[in-house]
Every structure is written in structure tokens, then in C-alpha cells.
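Good morning, colleagues, and thank you for the time.

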Number of protein chains: 2
Amino acid sequence: MPLLEETLARIVPPDAGARRDAAERQAQLTKPAGALGVLEDLSVQLAGIARTCPPPAPARPVVAVFAGDHGVLAQGVSPWPAEVTLGMVENFRAGGAAVNVLARSCGAEVVVVDVGVASPVAADAVVWDRNVRRGTADLRTGAAMRPDEARAALEVGITVATELVGRGHDVLLTGDMGIGNTTPSACLVAALAGVDPAVATGRGTGVDDATLALKTQVVADALARLAASGAGPAADPLTTLAEVGGLEHAALAGYLLGGAAAGVPVVLDGYIAGSAALVAQALAPEVTAYLVAGHRSAEQGHTAALAHLGLRPLVDLDLRLGEGSGAALALPLVRSAALVLAEMATFDSAGVARKEA
Amino acid sequence: MPLLEETLARIVPPDAGARRDAAERQAQLTKPAGALGVLEDLSVQLAGIARTCPPPAPARPVVAVFAGDHGVLAQGVSPWPAEVTLGMVENFRAGGAAVNVLARSCGAEVVVVDVGVASPVAADAVVWDRNVRRGTADLRTGAAMRPDEARAALEVGITVATELVGRGHDVLLTGDMGIGNTTPSACLVAALAGVDPAVATGRGTGVDDATLALKTQVVADALARLAASGAGPAADPLTTLAEVGGLEHAALAGYLLGGAAAGVPVVLDGYIAGSAALVAQALAPEVTAYLVAGHRSAEQGHTAALAHLGLRPLVDLDLRLGEGSGAALALPLVRSAALVLAEMATFDSAGVARKEA
């Protein structure tokens, strides 16, 4: 069986018994029922994923930053030059980017995966060479990549997730780098969450009104091209991905599937991750049970993507950077949710009186 | 000069030059301008407080949990028995409460300050005996405490902040414990933020509709009593505090003032801290420049309190526990904001191309 199909077959629902145990334990801890809000729901999710209660607190986080370039940049959808993708890969390698700082702050390792950078990238322990293609083609005028390339990039993501879990990482965080990559994200969100291009398209790293209008038209044109090709997006997420996606989007979708198949939680960063999660969800609906939305991006289509995924973001601070920054910021909240379940006293153990009935 | 007045005189505005340097540095870091959202504003605030750029990342956090009891409990405003305050103090001492778990998770120490618990509490290194009065009187029928008691409790908070900063703590987190303490909080918010008792009064740790109606009436009655006494709340925050506040509210207000006077950031927990911050703001408007809103409580009046303080909460996850839980959850975000400014590369240092003009 091909790796993708084999991975999809390995994704099973989280354990209902562990979830039930976690919900019951939350009710016995020394606090009013529900007083820890979203953290309680998160603890139940983590117990289900770990298939035991209390779940271990994630101790060895890793951020995989998938990097790729985008032919659609030729349309003028971003004010940033394409070489910034490579420049930022080198910045990640040197440890000077936001994701490096935020990952260090939460104790996470960073690996960078070149799945689609346009120029050659030197490989080492930090930057992995898994290049499938040196950047996509222009998705406004034709398919961004061939179906076999989309599949290969997806399988890169699966393999990376499997390798990282194999090295002992117990929670995976998503990251991305690719100048122009909010445009394919908007295409994926429009196609897979069924929202209008005007809703799915945002200002990315800060485009002006004229560029936003152009970008929205590019997304609308790509969607029209996809519809004309006769490929129903919901029926065939792989075709949608190949036609209007990006190489890092494909790899991210695979990374989510690989993480879920390996039974670990995956913390999503922002809009790029959200759009990739829609691809993963279309391939395996149960994958969302393994996903934690790290944050809500200021990129306007992200809210629609999160709604379609059924996820509530943990951090909501107007970030619009990508790289994995929002996922890294959320990690301490994920860890805390697990620790509460493991370490808090119960009313009985602490001898504290309960609320009157 | 009395300690309170001496402390108020020591609070100076944060350093404008360091704030300017931080804003300029943010614009040079390898990311689009503004892409780290609220974290960028927070880094500027921290630079101003530290009076240097980049500001040191808070390395020695401490949560002070101020505990007190409330005579208004006799009105039936909470389903929890008063002895839970003492029970939870013992739970804090043993390390089994939510705030203990969340403080450990972010590397913070916990100290518990008995400023108004109704029964005697054993003192040790964790639980400090600074009891001013064994619980307040019923604020519906008369003053919660005498003016000199309110002042003494305020000065307990100042002294605790000063001691903790003297021990090397470089960021103070607020915590509270007191069965019934959302009722005096609602009174303070109604009086000092000028909102209706129906807006200021919420469900606390989970009261039913009938209790919520009763609690709202209790708050309205207390406010009417305060108005009839002829004391204008804005004109005299100390009188407001004595008439309708709580001992832990007074101590928390002092703790904020003491932290600001010592030049360290103070991370607020939820509704109790927010209402105490209104007292501190009324005494010294510039104190808010030193405050970080850790989270937005599910307690409905908290949003009005934050608006009056001009603070945006970092965490917004439907928590309604108190103890310092929301402040502890926010601390990694505060630390990350400082680290970004100190550790990220600039476009020049990393040799990354900039956005086209």
C-alpha cells in the first residue's frame, strides 16, 4: 500500500475511555466544575490521544518548519522578494528568527524541511533536504504542481512526522516559510471550507489595498480554473492540493496525518497550517481529533478555516507571522492542561469541603 | 510620610526612551512590521518598565495569593462554605491547587498571604501571617471594614511586593483566595468603573439564577449604601474599598502599587485582581503602565474592568478560577515578548532582503 494510504489507515479515533476518565477526574479536582475552561477540554483531548489518564505532559516538543516557494509570486501577490524564503531558511539555521526564539522559550527543537525552496539549500542537522520540486508553478495560469509531486510532498510530511516521533518527540508543532504562501492557503480554504475568495484572502505579511484586490482576483481565477477542470474539491483533495496548493502545504498536511497516525498531538500554527489541516481533514476526517489550534491568525480567512475544522484557538493576539510562532507560544498552555490533570489534588485527597448541593 | 503615600510618590512613568528604542528595534527584526501583534506592544511596555532596551526577560516570577474571608457570605451569595478559604490555603501550602501546578509549569514560586482569613492560619515559609482582621463584615448592611483596616491591608500588599522584589523576583503575579470574593469585586467595579450592578455581577464559581439575582441585589444595595454615605467613589477610593471591598482586594491594590513603585511588571489574574487594579488606578493612574492583564475571566464584569484599565488580556480561555491561575498561564507569553526583542536577528545582521517599498 502506498505510504499515504497506509498512513490514513493507521489513524484511529482517540480513546473514549481515557477521555471519560479525564472528564471525571476534572470534576474531582479542587476547583469549581469547569473553572479552568478551555484547558479542561484540552486535558480531555490529550488523555484521549495518549489513551491514558492522566496523559503525560508533552516533554519533547519539536517544530518542523516546511519551506517552499511559489510561482504565483509572478502575479505580484506579495511585496516580499522570493529570495527571502531562502534568506529566512538561513536565519532559522542560525537561530535568529522569531520561531527560534519562541521555540527556545518553550523548550522546543526546530527542524527546517526544504520541501520546495526554489534555490538549492545546504542540508545539515537543522535543515533537511527533502526537496520535491524547486518551487510551484503559477497557480493562476495552471496547476501549481503535478499530482505525483503533491503526493510526494505529502509523503515528505508523513515521513518527517514519523521520524520525529521516532526520535522521542511527543508533540509536533507546525511551522512554515514561503514568500507568497498565503495565496495558495486562501485557495485551499476557499475550495475546502467553501468560502468566498474575498473571505479567504487576506493581507498576508501586509499588502496594500491594490495588492489585496489583485490577490483576491488571483484566488478567484485559480478557483474558477479548478472548477473548470471538473475536479470536485471535496471529492478529491489531492487534486485540489496539486492544482492550487503549495509544496509546504502538502508536506504540512502529511505531517498532520503522520502525527495523528503516530498517536501524538499536533499543535497548528496559523493560516498556512489551517489550510493544510483542511486538506488532511478531507483525506481523513478523524485527524482533527489530534489537532490543537495554537492560535488565531490576524489573516482573515483563518477564522473560517478553524470553524470548518471545529477547533478553538488557544492564543489570539493578532499575530500574522507564521514560521510556527503561534504554535510555540501555545505550547505552554498545552503542557499546563496536561499537568493540571496529573498534579492537582482532589477534594478528597486535600480534605477540602465541596460546594453545597 | 505614611507607607501608602510614600509608595504613591515613588511611582513614576515608564521610560519613554526605552519604549521608543524597543519600537524601533521591533521594526528592524526579521519579520514583517507588526507581525507579532500584541507581543510587540508588550515588549515595548516591558522595555519602558525596565528602563532599558532590550528588557531582561522575567526570570524569577512569583505569585502572591492573598487570602481573605467575607461577611457578605451570610447573605447567601455563594454555594461554597466559608471554611473552603482555609481549606484552600492548606491546599496551596501542600502544593495541590491549580495555581501550584500552573506556577510550577512556568517556573514561578507561590507565596500565600493571610490578610483576612476568618480562622487562624499556621504561618511558615509558604503561608505568611499578615492578618489584619478575621474576615470582613457584611457589606450589604454596613462597612466591610474600618478605613484604618483598609489602609493596613493595602500596606500589607505594598510590603509583600517590596519584600518579594527585594528577594530578587523580577515579575509579580497576582493571586487571590476568598469564598464570596466576587461580590466585593462586583461592588468595586460598579463603583469605580461606573457600570451597573447587573453588568458587574456574575456567576462567580457557578451560582444559579436565583443566587445571581440575589447577588446582584446585594451589590446594588451596597452601592446605594455607599452613595447614601456621601462618599464619592472616585474622590475617595480608600473609603470605597473600606465600605464595599475585601481585605484581599485591599492587599492586592497595595501589591500592584508596590510592584509599580519597585519598577517591576505585575501580571494580573482575573476579576478579583481587575477590581483591585481599579482601586490602585484611582489612587495612582500611572500604575496601569506597569500592569499586564494575564487573562480575561469568564466573570462577566471583568471585560468592563479591563476596558476601564485600558488593558488587553493575553489569555482568553473562559477561565473563572482565580488563585493566580490566569496570571501563571500568561507568564510564558510575557517572557516570550521580552526574548523576541533580545534574541531575534535584524534584517541587517541576518542579511535578509526587505519588503519592496
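First, the conventions. This is a predicted model, in which local features need pLDDT of at least 70 and side-chain atom pairs count only at pLDDT 80 or more, while totals for chains, interfaces and linings use all residues. Residues are numbered from 1 along each chain as its sequence is written, chains are lettered from A and ligands numbered from 1 in the order in which they are written, and side-chain values use heavy atoms, with hydrogens and water left out.

Chain A contributes 54 residues and chain B contributes 54 residues. Between them the chains bury about 4500 Å², 66% of it on carbon and sulfur atoms, where buried area is the accessible area (1.4 Å probe) that two parts lose on being put together, summed over both. Trp80(A), Leu317(A) and Lys355(A) supply 14% of the area that chain A buries against chain B, more than any other three residues.

There are 4 salt bridges between the chains, a salt bridge being a side-chain nitrogen of Lys or Arg within 4 Å of a carboxyl oxygen of Asp or Glu. One of these joins Arg312(B) to Asp318(A), at 2.9 Å from N to O. Among the elements that give two or more residues to the side of chain A that touches chain B are helices H3 (38-50), H4 (83-94) and H14 (325-343). The most comes from H14(A), with 8 residues. Helices (H or I, at least four residues) and strands (E, at least two) are DSSP runs, numbered from the N terminus.

Buried means under 20% relative accessible area, exposed over 50%, and partly exposed in between (1.4 Å probe, protein chains only). Just after H11(A), Gly263(A) takes a positive phi of about 80 degrees. In chain B, helix H10 (residues 237-244) has 7 of its 8 residues buried, so it too is largely enclosed. The cover over those buried residues includes helices H1 (3-10), H6 (147-166) and H12 (271-283) of chain B.

Finally, the backbone. Most residues other than glycine have a negative phi, and most peptide bonds are trans. Cys53(B) and Pro54(B), however, are joined by a cis peptide bond, with omega about -5 degrees. Pro54(B) lies in the loop between H3 and strand E1 (61-68) of chain B. Arg51(B) is placed in the loop between H3 and E1 of chain B, and its phi is positive, near 60 degrees. Asp318(B) also has a positive phi, of about 60 degrees, although it is not a glycine. Asp318(B) is partly exposed, with a relative accessible area of 34%.

Note on methods. Contact = heavy atoms within 4.5 Å.
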